[in-house]
Amino acid sequence: MNRAPGFPFSRRGLIRAGAGASIAALGLGVGAQTASAAVAPTKRFDLTQPSYDLFRSKDTHGARVQQSFAFDWVNKFLFVATKRSDSPESAGDLCINKMDFDGNYISYMHLNGFGHGVAFAALPSGSGTELWIECAANTSGYGTALAPIRYTANTTLGSPAGSAAYRPISGATEYTCSVDPVHQRMIVRYHTSGGKRIAVYPLSAFTTRNFGSPLADFKQPTISGTPQGYTLYGSYMYYLTGDAYPGDGTPSGDGNTYVTSIDINTGSVKQGPVLTKAGSTLHHREPEGLAIYRTDSGEARLFIGFATGVEGDRRSSIFYKNALV
């Protein structure tokens, strides 16, 4: 697939998120129902339309697969979460790779005991970036809270605890999140005794640390396949599933990477699952992460990530869709 024309990634910011200092967090019971029509309907990405390259097969700090990625949309950087080398899955040790939009590696930050890295957000904070990411990993390696972490190059940080870790939903046992920078909202996927649920908040709830009640809250619909990431654009959630190419990772057929859109006002599937062939010729090709970005020319894009390359030298490959309906 070829890069689409007109991909302006200038240093000039589009949207700025505020910063706040309040640490009050109000709980929401896990039995809360969907907030009917709380989010104004928006356009959605047509998942049947072509995908285009951002970049292919770019190096990261470590040799293991990427888990997810996020854009700092003001300072114009990309952050890719990978598994830590020589660390067991259950440890929840992550490496955050700072990159430019051409996929050139800039620096790293190690996060020990944080979680699996299914999704996270990179919020602009002055000239720096505040990562909202799962933390306090359980024995399975999944985060049990969310934390704001100032990205600091070439450092190692242990997982925060106590008042530095946030649990906005009472009774939830695992958390991840992803940001919609266009509509200024944060989506949270959390685990309860009844399974996975989705909550959507205004972004200000995170910048002020004052969560209150979400705009929408619903049980995640049943979608077959291995979960590999999610994100939010307007009134629709996007959900990624699939596996790496089997065997030695040689391209075989069309793979099984699917993207699904979900109406957050109803909690029901809107489109899909739709097969994506983005990067179909890449080796290994394991789907890993979704994110939203809007270019300086105003084009919204749904980005799809893949861990590619040979074992011991995994690479990052990222593509996008840009057709709204």
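Mentor: First a term: pLDDT is the predictor's confidence in each residue, from 0 to 100. This is a predicted model, where local features need pLDDT of at least 70 and side-chain atom pairs count only at pLDDT 80 or more, while totals for chains, interfaces and linings use all residues. Residues are numbered from 1 along each chain as its sequence is written, and side-chain values use heavy atoms, with hydrogens and water left out.
Trainee: OK, what does the pLDDT average for the protein?
Mentor: The average is 89, and 89% of the residues score at least 70.
Trainee: Where does pLDDT stay under 50?
Mentor: Over residues 1–37. The model has 102 contacts (heavy atoms within 4.5 Å) beyond four places in sequence for that stretch. Where pLDDT is low, the predicted coordinates should not be read in detail.
Trainee: Switching topic, which residues have the most contacts inside the largest nonpolar core?
Mentor: Phe-71, Trp-132, Met-186, Val-188 and Phe-206, in a core of 34 residues. A nonpolar core is a set of buried Ala, Val, Leu, Ile, Met, Phe, Trp, Tyr and Cys residues joined through side-chain atoms within 4.5 Å; buried means under 20% relative accessible area, with a 1.4 Å probe and protein chains only.
Trainee: And what is Trp-132 in contact with?
Mentor: Leaving aside neighbours within four places in sequence, the partners of Trp-132 include Phe-120, Leu-146, Tyr-166, Met-186, Phe-206 and Arg-209.
Trainee: Which residues does the second core include?
Mentor: That separate core of 19 residues includes Leu-131, Ile-133, Ile-149 and Tyr-151.
Trainee: Great, thanks!

Note on methods:
Buried < 20%, exposed > 50% of the residue type's maximum accessible area, 1.4 Å probe, protein only.
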